[in-house]
Amino acid sequence: MEALTDEVDVQAELKRMRPGHPLINTQHVRELALEIARRERAAVGFDRVGDVFFVKVEAQLRTWMKKYIQALPTVGKTIK
């Protein structure tokens with residue numbers, strides 16, 4: 001994936017990755033990110049999540065899924 005800047009339109013990028021079917025729920029991702037930030041980096045005081053963050057999360061999830069599936073044994077028909 002090319003370098004991402006703050007000007008990236010997150011919805012357009014998510015649609016480009018898989019038109020009409022993003023893998024992530026942006027509201028839940030936002031809530032979890034802010035919860036983790038409050039717990040792990042309380043001194044910073046994060047209170048917003050930028051659009052580029054969602055594109056990065058989606059890309060990381062897709063990469064993890066591809067690697068996980070490639071590592072599965074060739075026996076069986078179920079992804080476990």
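## Exposure of Tyr 68

A residue is called buried under 20% relative accessible area, exposed over 50%, and partly exposed in between. In this predicted model, Tyr 68 has a relative accessibility of 33%, so Tyr 68 counts as partly exposed. Tyr 68 sits in helix H3, which covers residues 51–71.

Tyr 68 also belongs to a nonpolar patch on the surface.

## Overall fold

The protein chain has three helices and zero strands. Read from the N terminus, the order of elements is α-α-α. The chain has 80 residues, and 21% of them are buried.

## Nonpolar core

The largest nonpolar core consists of six residues: Ile 24, Val 29, Ala 33, Leu 34, Val 49 and Phe 54. Helix H2, residues 26–40, supplies the largest share of this core, with three residues.

## Largest pocket

The volume of the largest pocket is about 170 Å³. Its lining includes Ala 33, Leu 34, Ile 36, Ala 37, Glu 40 and Arg 41. Phe 46, Arg 48, Val 49, Gly 50 and Phe 53 are also lining residues. H2 gives the largest share of this lining, five residues.

Ala 33, Leu 34 and Val 49 are listed in the largest nonpolar core, and Ala 33, Leu 34 and Val 49 are among the residues that line the largest pocket.

Thr 26 is in helix H2. With a relative accessibility of 24%, Thr 26 falls in the partly exposed class, because that class lies between the 20% and 50% limits. Thr 26 and Phe 54 are 28 residues apart along the chain, and their C-alpha atoms are separated by 6.7 Å. Phe 54 is a member of the largest nonpolar core.

Glu 35 is likewise located in helix H2. Its relative accessibility is 39%, so Glu 35 counts as partly exposed. Between the C-alpha atoms of Glu 35 and Asp 47 the separation is 9.6 Å, and the two residues are 12 residues apart along the chain.

Methods: Residues numbered from 1 in each chain as written. Predicted model: local features only at pLDDT ≥ 70, side-chain atom pairs only at ≥ 80, totals over all residues. Heavy atoms only, no water. Core = buried A, V, L, I, M, F, W, Y, C linked by side-chain atoms within 4.5 Å. Buried < 20%, exposed > 50% of the residue type's maximum accessible area, 1.4 Å probe, protein only. Helix = DSSP H or I, 4+ residues; strand = E, 2+ residues; numbered from the N terminus. Patch = residues over 30% accessible without salt bridge, like charges linked within 9 Å, V, L, I, M, F, W, Y side chains within 5 Å. Areas by Shrake-Rupley, 256 points an atom, 1.4 Å probe, with all protein chains shown as cover. Salt bridge = Lys/Arg side-chain N within 4 Å of Asp/Glu carboxyl O. 1 Å grid on protein atoms, 1.4 Å probe; cavity = no way out; pocket = protein on both sides within 12 Å on 5 of 7 lines; lining within 4 Å. Points joined across faces, edges and corners; volume = space filled by probe spheres on them.
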